[in-house]
Amino acid sequence: MTVEAGTAVAATRETCACPLCGASQPVHAGYAMDGYEAVRCGACGAWYLSPRLTEAAMMAAYARDDYFEGGEAGYAGYAAQEKSLRGTFRRLLGEMQRRGMTGGGLLDVGCGYGYLLDEARGFFAERAGTDFSPAAAGQARAYGAEVWLGGADAVPAGRRFHCVTALHVVEHVYHPHQFVAELAELVEPGGWLVLAAPDAGSFWRKLMGRRWPSWKFPEHVMFYERATLERLVRGLPRTAQVTTLPYPHAFPVSEVAAKLRLKAPGPIAARNLWLPATTVCVAARLS
């Protein structure tokens, strides 16, 4: 998958140091595809993409109206996964409620079509979100949530929330420390920051190797394990508590079959298949 064209290809790629620790000690592990490579930092152990697409080129792809529905980058059909995504979010919200993390205001950064915001009606008194895609932001607003176009910096000055979520967003972020610091500024004292990302430490990645679906180049520029995602939030000066949340993920049978290069029979193609350990989810309570 590429978002580049013609003679612009070379100008839109760059090599980089580890975004998590800044070291330039890449360890090559055989995950090179289409001119990109996932390497492991020899200093801190984090996985990251280098070479990668420049941030400006990637941001242009995120702003496209077809990003969520079959453009050159993005999802083959985000709306087709609505049932599975809603089921996944309901389970996560239920877990958050059991741990006393709901109530008050919710901000979902990178909210996509707003499925989480819609499912959160009974869990939070206030629901808001951001997204870089104008089409996605418009869809999310239809669920009665307040949605701003952009990232964390699009939230009006002075707004704070009991819980800020960024689910399957941080793996797209070029400057992760800056990103979580910006999110933390939007969390009220005693509130929660929740991050989720594909689990690069899972048995799925080890079992599937180069076929692991979350080697999604060039969009995913970081590949987090529990240790590296926890390290990211523990670096925040206000972190008072860090915990992991279970995050079983539902996928349409048709999508799972496609990853295995199979065709799902029609009667079961749209059914949800729950897969464990695909996602690592970390929550930080901020003082």
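**Loop geometry, aromatic contacts and core packing**

A277 is partly exposed, with a relative accessible area of 32%; this class lies between buried (under 20%) and exposed (over 50%), for a 1.4 Å probe and protein chains only. The structure is a predicted model, in which local features need pLDDT of at least 70 and side-chain atom pairs count only at pLDDT 80 or more, while totals for chains, interfaces and linings use all residues. Residues are numbered from 1 along each chain as its sequence is written, and side-chain values use heavy atoms, with hydrogens and water left out.

A277 sits in the loop between β14 (272–275) and β15. Its phi is positive, near 65°, although A277 is a residue other than glycine. H168 also has a positive phi, of about 55°, and is not a glycine. H168 belongs to the loop between β9 and α5. Its relative accessible area is 21%, so H168 is classed as partly exposed. Most residues other than glycine have a negative phi, and most peptide bonds are trans. Two cis bonds can be located. The bond from S50 to P51 is cis, with omega near 5°. P51 falls in the loop between β4 (47–49) and β5 (52–53). The bond joining F217 and P218 is cis as well, with omega about 5°. P218 lies in the loop between α6 (203–208) and β11 (222–223).

The chain contains eight helices and 15 strands, taken as DSSP runs numbered from the N terminus (helices H or I, at least four residues; strands E, at least two). Of its 287 residues, 54% are buried. The chain exposes about 12,100 Å², with 55% of this area supplied by carbon and sulfur atoms; the areas come from the Shrake-Rupley method with a 1.4 Å probe, and for residues only the protein chains shown count as cover.

Nine aromatic pairs are present. W212 and W215 form an edge-to-face pair, 4.9 Å centre to centre with 85° between the planes. W215 and F217 form a tilted pair, at 6.4 Å and 55°. Pairs are rings of Phe, Tyr and Trp (its six-membered ring) with centres within 6.5 Å; planes under 30 degrees apart are stacked, over 60 edge-to-face, the rest tilted. W212 is buried, with a relative accessible area of 5%. W215 is buried too, at 6%, and F217 is likewise buried. Ring pairs connect Y31, W47, W212, W215, F217 and F223 into a cluster.

Two arginines lie over ring faces. R13 is placed over Y36, at 4.3 Å from the ring centre. R86 is placed over Y143, at 5.2 Å. The criterion is NZ of Lys or CZ of Arg within 6 Å of the ring centre and within 35 degrees of the ring normal.

The largest nonpolar core has 49 residues, of which M96, L167, V194, W215, F217, F223 and L245 touch the most other members. Helix α2 (residues 82–98) gives the most to this core, with five residues. Another core, apart from it, holds 41 residues, including L107, V109, V164 and V282. A core is a set of buried Ala, Val, Leu, Ile, Met, Phe, Trp, Tyr and Cys residues joined through side-chain atoms within 4.5 Å. Leaving out residues up to four places away in sequence, F223 touches A38, W47, Y48, L49, A200, W212, S214, W215 and F217.

Helix α5 (residues 176–184) has P176, F179, V180, L183 and A184 as its buried residues. Viewed down the α5 axis, these buried residues fall within an arc of 135°, so they line one face of the helix; the arc is that of the directions from the axis to the C-beta atoms. They pack against β6 (105–109), β9 (161–167), β10 (187–198), α7 and β15 (279–286).

R226 is part of helix α7 (residues 226–234). Its contacts, not counting residues up to four places away in sequence, are D199, T244 and V280. The C-alpha atoms of R226 and C281 are separated by 7.8 Å, although the two residues are 55 apart along the chain. H249 is part of strand β13 (residues 249–252). H249 is buried, with a relative accessible area of 7%. Beyond four places in sequence, H249 touches L85, T88, H168, L273, W274, L275, T278 and T279.

Conventions:
Contact means heavy atoms within 4.5 Å.
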